[in-house]
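Me: I would like to learn how to read surface patches, cores and salt bridges in a model. Please take them one by one.

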Amino acid sequence: MSTIRDNWRIALLIVAVAVSLFLLFSPTMGTASAASNGPTNLKYGLQLSGGTSIRAPLVGWTAEGIQYDGSNTTAVEDAVSDRLPGVPTRNVEMVSPATRGESSWALEVRDNVTKSAVQSAVSGAGLSPDTVRPGVTKPTRQETVTILQDKIDETGIQGGQVRSVFSVGTQRHLITVEVPSANRTEVLNLLNDRGRVQVLAYHGADRNGTTVYTNRTTLTNDDFQRVSVPQQSAQGPYVSVVVKEQVAPRFREDMIQTGIASQGGSGCGFPREGSCLLIVNDGEIVGQFGMEPSLANSMRSGAWGSSNQRTFILPTGNFSAAQRLSVNLRAGELPTGLAIRQGTVEYVSPTLGASARLNALVAAIVAVLAVSVVVGLRYGDFRIAVPMVLTGLAEVVLMLGFASGVGLALGLSHIAGFIAVIGTGVDDLIIIADEIMQEGDVATDRVFRSRFRKALWVIGGAAATTIVAMSPLAVMSLQDLQGFAIVTIVGVLLGVLVTRPAYGDILRNLVMD
Amino acid sequence: MVEFTVPEVDYTRYSNRQLAGVPLGVLAVAVLILAGWYATTGAPVAMGIDFTGGTQLRVAVDAPSGQADALIRNTFDERIESIQFVPASGEYIVTFGPNVDADAIQSQTRSAEQLDYRGLSEVAPGFGADVQRTALIGVVIAFLGMSLLVFALFRTFVPSIAVVASAFSDLIIPLALMDLLGIQLSIGTVAALLMLIGYSVDSDILLNTHVLRRPGDFYESTDRAMKTGVTMTVTSLAAMAAMALTATLFGVELLASIGTILVFGLVTDLMNTYMLNVSLLRWYKYEGVAR
């Protein structure tokens, strides 16, 4: 009389295991770009595959709750910047209520200064904010996250991830950057680069009869329509760019005025004489060059700057500078930097990652074996012990299926979560077994049901407390513990709703025939 | 074949005072240790680099094991706090104090021929302090949430407070053991403490349910609950001990610290559940209800 209706819990478990195995092994489910290894669709995080992860706040302070009419934000920004030595105006910004979706203005100082310096500069400029807090406004934070992500992607690294998380304990936003298969130096260099690019015209100007050489900024990050990947030619590395249509006439004018686009071109004599163009990346000169006669003539005739001819070549001293330049021009300038010195950096070499993967697996298997041995010794009856261990393993399969289904990048904390779930799972199965197999045979279905219900009450209570204990961590973003808590909660839910009740039905079938 | 059976305890031979005295005495000693530690070091437990800030380097050393230690110490200018050997992989985990230059450590590692650079993690001191605060808030909320839920489940004061008290002691005693054995608090040990809240409540809920909601006299109910509960705890204990041992051998620090703390906690839980909790329940059943 074992119909599906009587054994629906077992049927549900079989279906769930089948779905999980499909998620785990089916080649149709794997995403091509994911860093998945081996025969399964599981993805591994940095700790288990190697890479660099960084968690740090953003540089800057935000003065909030400023009452202001918005009449001249530039003047306010200048006034604040003047009161903060070493902070350029571009690092000070008034953020309108509309941008932030709030009722008052905010002022950002995106630089390394002290809180008291910001407070006195802001009040010195005639503003009275409610608070000055570390960090930047939400729009700036989002822009920074997008640009950081673009920078990593443009570098050609697969699977890099940038996110903003809110730390409840400190009421601060932190940026997490995870870059697989990149070492610490590569990632730090990439992130430390604010990405400000300027093309300066270095030229002589007549001052009271003598020639003085000065710089004029002609192009910055936003003036380019298209930027190539770094190229290598016989003359050296370069990045090919297309200048925006509306910028081109002004740039052409600059070139002619400064004498760089002179008859017959120009040679670069920096830092002494001769006009030339300088490429400056975060204050560092990465390229210097004159202009070829053909381009100079094209500029003078007005052919360059027309709708289909605005190409320009930025040569650099070495290839890595060209790469950095290209990434910065494509991803854009970061509004603010990461305060890495106030955060945490973790680097795991590929060797360590691969061995951690194996070692964590071994530790988990040993834990399962230990459970099997104790359960076997305790019950002696294989009808009870074997299904118990198998049901426990089914729970692991469900969780692995869940992990590959949602594309969770597994770390050590997730493995710890799996082990925690196996532990509570076997505890619950022991409760079910002891309750059902207690003295006095399970003569009727009614007795079975009543005992099973009692067991489920205890299990439900225990599961609820585990979930309550873990839930603060699931939302608090305390490093690795978030993954641990989420896995434990999901595992306990899967266990209480699917696998553990099924074990009750399995036992009934084994003892009642 | 070795058989594992749960021993039957004749609780009638002991008074409530005798039963509760042992776990309460141990708890008192644990609290004293934590207080003493707090008085001398400024924190109840020694904090690891997750919380204090610092740099931890992982290297494989190409040298006879006797000389590896000296080799590592000679390589770095920065002050080394500890060197830990990972038997299975032959790697060494080198911990530096806060405020060392991680870039310098990296370049010194790279230029040392006999060292193979395997990993580096650095935590800024201020960041560690933030993590510490967050972790504390997390544990406190988890504990309060668990307590509320237990009171909601049983709706009577003494049985509920018995569960909460035994869970509290399950957290405090392992913390004191950490001080005695020189284990530092890390993210992994915090995870273990939270798992302990879940695990320790399991056997307590089981005991309470059997005694309060099942027919049969106190000693029969306790006996039945103990058979199941001890099996549960011993199974978890075996799993965690095995995991702690393997993970220590293979140098998977997170799993090793979780396993170790859970072994402490589960042993403590056996004592608390079947001495403290049982005595409180017996008092409640025979004397408390009558009042």
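Reply: Start with patches, which are made of residues with over 30% relative accessible area and no salt bridge; nonpolar side chains (Val, Leu, Ile, Met, Phe, Trp, Tyr) are joined within 5 Å, like charges within 9 Å. Accessible areas come from the Shrake-Rupley method with a 1.4 Å probe, and for residues only the protein chains shown count as cover. A salt bridge is a side-chain nitrogen of Lys or Arg within 4 Å of a carboxyl oxygen of Asp or Glu. In this predicted model, local features need pLDDT of at least 70 and side-chain atom pairs count only at pLDDT 80 or more, while totals for chains, interfaces and linings use all residues. Residues are numbered from 1 along each chain as its sequence is written, chains are lettered from A in the order in which they are written, and side-chain values use heavy atoms, with hydrogens and water left out.

Me: Which residues form a nonpolar patch on the surface?

Reply: A:Leu358, A:Leu361, A:Ile365 and A:Leu369 do, with about 400 Å² of accessible area together. Of these, A:Leu361 lies in helix 11 (residues 350-379) of chain A; helices are DSSP runs of H or I, at least four residues, and strands are runs of E, at least two, numbered from the N terminus.

Me: How is a nonpolar core read, and which residues touch the most other members of the largest one?

Reply: A core is a set of buried Ala, Val, Leu, Ile, Met, Phe, Trp, Tyr and Cys residues joined through side-chain atoms within 4.5 Å. Buried means under 20% relative accessible area, exposed over 50%, and partly exposed in between. The largest core has 111 residues, and A:Met388, B:Met195, B:Leu255 and B:Ile258 touch the most other members. Its largest share, 15 residues, comes from helix 13 (residues 412-436) of chain A. Beyond four places in sequence, the contacts (heavy atoms within 4.5 Å) of B:Leu255 include A:Ala360, A:Leu412 and B:Met243.

Me: How many salt bridges are there over all chains?

Reply: The count is 31. In one of them, the side chains of A:Glu64 and A:Arg133 meet at 3.2 Å, N to O. A:Glu64 is in strand 3 (residues 61-66) and A:Arg133 in strand 6 (residues 131-134) of chain A, so the pair ties together parts 69 residues apart in sequence. A:Arg133 is partly exposed, at 24% relative accessible area.

Me: Where in chain B do B:Lys227 and B:Glu8 lie?

Reply: B:Lys227 is in helix 8 (residues 218-250) and B:Glu8 in the segment before helix 1 (16-41), 219 residues apart. Their closest N and O atoms are 3.7 Å apart.

Key: Buried < 20%, exposed > 50% of the residue type's maximum accessible area, 1.4 Å probe, protein only.
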